[in-house]
Amino acid sequence: MEIIKGRKLVALLFLFIALAASMFEGSRAITFCNMSEDDLETCKPAVTAPNPADPTQQCCKALSGADLACLCSYKNNSFALGALGIDPDLAMALPAKCNLTTPSGC
């Protein structure tokens, strides 16, 4: 139980820092595992339950530049992904739908 609370706290702190950085850095955009806010929004319909859309070419292009190992590190953190409106299972299936190689162990 303490581990889960700790993970939730880390995820919450991460989100707080990202939001604070976006408010104080002006034009500097937030990136998440080498994906910009625009990239994330492009892929959001494909990773949002209950009726996900197929990924678009723009989403797959954005995902091809992402740090997939970084994204994979969030696969068991439904709190952090949920805060972004992302379904973890749909997110982990997205690279295969875009014909990208998922890192080993992901």
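A residue counts here as buried when its relative accessible area is under 20%, as exposed when that area is over 50%, and as partly exposed in between (1.4 Å probe, protein chains only). Take Cys-72: at 11% relative accessibility, it counts as buried. Cys-106, with a relative accessible area of 32%, is partly exposed. Keep those two in mind, as they come back later.

A word on what you are looking at. This is a predicted model, in which local features need pLDDT of at least 70 and side-chain atom pairs count only at pLDDT 80 or more, while totals for chains, interfaces and linings use all residues. Residues are numbered from 1 along each chain as its sequence is written, and side-chain values use heavy atoms, with hydrogens and water left out.

Let's start with the overall layout. The chain has 6 helices and 2 strands; these are DSSP runs (H or I of at least four residues for helices, E of at least two for strands), numbered from the N terminus. Of the 106 residues in the chain, 28% are buried. The accessible surface is about 7000 Å², and 58% of it belongs to carbon and sulfur atoms (Shrake-Rupley method with a 1.4 Å probe; for residues, only the protein chains shown count as cover). As for contacts, meaning heavy atoms within 4.5 Å, look at those between residues at least 6 apart in sequence: 67% of them join residues at least 24 apart.

Now find helix α6, residues 88-97. Its buried residues are Pro-88, Leu-90, Ala-91, Leu-94 and Pro-95. Seen down the axis of α6, they fall within an arc of 160° (taken from the directions from the helix axis to the C-beta atoms), so they line one face of the helix. Asp-89 and Ala-96 are exposed on the face turned away from that buried side. The cover over the buried residues of α6 includes α2 (37-43), α3 (57-64), α4 (68-72) and α5 (78-83). At the N-terminal end, Asp-87 caps α6, with a side-chain oxygen 3.0 Å from the backbone nitrogen of Asp-89; a polar contact is a pair of N or O atoms within 3.5 Å, where within protein one must be able to donate a hydrogen and the other to accept it, and residues adjacent in sequence count only if both atoms are side-chain atoms. Just past the helix, Asn-99 takes a positive phi of about 60°.

One joins Cys-43 and Cys-59, with the sulfur atoms 2.1 Å apart. Cys-43 lies in helix α2 and Cys-59 in helix α3, so this pair ties together parts that are 16 residues apart in sequence. Both of these cysteines are buried. The torsion about their S-S bond is about 110°, so the disulfide is right-handed.

Another disulfide links Cys-60 and Cys-98, whose sulfur atoms are 2.0 Å apart. Cys-60 is in helix α3 and Cys-98 in the segment after α6, so the pair ties together parts 38 residues apart in sequence. This link is left-handed, with -75° about the S-S bond.

And here are Cys-72 and Cys-106 again, joined by a disulfide with S to S 2.2 Å. Cys-72 sits in helix α4 and Cys-106 in the segment after α6, 34 residues apart. Number the bonded cysteines in sequence order and the pairing reads 1-5, 2-3, 4-7, 6-8.

Terms used. A disulfide is a pair of cysteine sulfur atoms within 2.5 Å.
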